[in-house]
Amino acid sequence: MEESTPERTVWNMEKIREGKQASWNYIDGCMLTALTEMARITGEERYFAFVRECIDHFVSGDGEIRTFKPEANNLDDINEGRVLFALYGRTRDEKYRKAPERLMAQLRQQPRTAEGNFWHKQIYPNQVWLDGIYMAQPFYALYEKHFGDGDFSDTVGQIQTVRAKMFSKDKGLYFHGYDASRSAFWADPETGCSRNFWLRSLGWFAVALADLTEILPDGAGKDKLVPIFTELMASVGRYADPDTGLYWQVPDQGGREGNYLETSGSAMMAYAMLKGARLGLLEKGYAAKGQKTFHGIVEKYLSVTETGLNLGGICLVAGLGPENNRRRDGSYEYYISEPVVENDAKGVAPFVLAYTEVKRLRS
């Protein structure tokens, strides 16, 4: 945070590597969400001040969001809007009330699959990715809670469809993607699902469920989400490395050549287990499992150098397609081929979130 500005956040490795200008994006959104939680748990104003500085770089007085392109129908771009609710609650500045309307305008016209789920992006027609549940649904639920009619049925229904279409009863895990049209090159022609399980996509889904069970009030469909959450936490736990508590990049193929214990998805699982236990949704033993994973990350991937703390073992990015990028085919070989980096927000942010849950556990 101390090395970052709104124009250049040092944790956004994708933009740094590609030399791109700052924009409204999900990677910074993940980190700002984590910093907002740090502000809550520590009471230190500097975290909140930095979040506000970053958001103010993009959000104008009338709530317009600079660089946001709703026509892209990109669920990733919804994620950064989560912090707007906290900013409005703290400041009552109307621009933080107006900006969520810009994001909701996209969701209201977002293309949907035949089952009613949001397309992941305009360039991924008829496709549902686990990532997109995290990117859009907590924001959607927060909007309904604070500014909408309190109707969470759309969010609950979309997650129930994910459970119906993307869950492997054999493995107890969710496939990374689902193509309702069965036409994508990576999709199984019968099920529409991708071929393998990817840890971080499972992590996104787990974190979304943990957060949604806190956002939704009782009687608003939470009872339908809790079993999906507890089922995933029970099944994913059996894939943890027994020594470190970490999880594999391709979770069900631990020890296979090229596979590795990955930081971002492991931190997400730690956060989800710790939070689920704190909320009373999971048995208390899950808090110990989450702590083991968190401390396993510390031991294996957190180092101290002359430049400060460094967090390694982070998969930079992974996806499915599009058509002109057939390398991203959902194969085992693809998932282990993506770069592994240090200090990217997709790993640092969930690690910080897990840390806030560890602190809550000890307080």
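Author: The lining of the largest pocket splits into 16 nonpolar, four polar and three charged residues (nonpolar covers Ala, Val, Leu, Ile, Met, Phe, Trp, Tyr, Cys and Pro; charged covers Asp, Glu, Lys and Arg; the others, Gly among them, are polar). Keep in mind that this is a predicted model, where local features need pLDDT of at least 70, side-chain atom pairs count only at pLDDT 80 or more, and totals for chains, interfaces and linings use all residues. Residues are numbered from 1 along each chain as its sequence is written, and side-chain values use heavy atoms, with hydrogens and water left out.

The largest pocket has a volume of about 890 Å³. Of its 23 lining residues, Met1, Met31, Leu309, Val348 and Val352 are the closest to the centre. (On a 1 Å grid over the protein atoms alone, a pocket is an open set of points with protein on both sides within 12 Å along at least five of seven lines; lining residues have an atom within 4 Å of a point.)

Four elements each give the largest pocket's lining at least two residues: helix H2 (26-42), helix H3 (45-56), strand E8 (308-311) and helix H13 (345-362). (Helices are DSSP runs of H or I with at least four residues, strands are E runs of at least two.)

Now follow H13, which also carries Thr356. Thr356 counts as buried because its relative accessibility is 0% (buried is under 20%). Setting aside neighbours within four places in sequence, Thr356 touches Glu37, Met38 and Ile41 (contact means heavy atoms within 4.5 Å). Thr356 and Leu274 sit 82 residues apart along the chain, yet their C-alpha atoms are separated by 9.7 Å.

The structure holds three cavities of 30 Å³ or more (in a cavity, a 1.4 Å probe fits but cannot get out), and about 80 Å³ of space lies in the largest cavity. H13 provides the largest share of the largest cavity's lining, five residues, while H8 (199-215) and helix H10 (263-278) are also among the elements that supply at least two. Residues lining the largest cavity include Cys30, Tyr134, Trp204, Met268, Ala349 and Leu353. By class, the lining of the largest cavity has 10 nonpolar residues, no polar ones and one charged.

Terms used
Points joined across faces, edges and corners; volume = space filled by probe spheres on them. Buried < 20%, exposed > 50% of the residue type's maximum accessible area, 1.4 Å probe, protein only.
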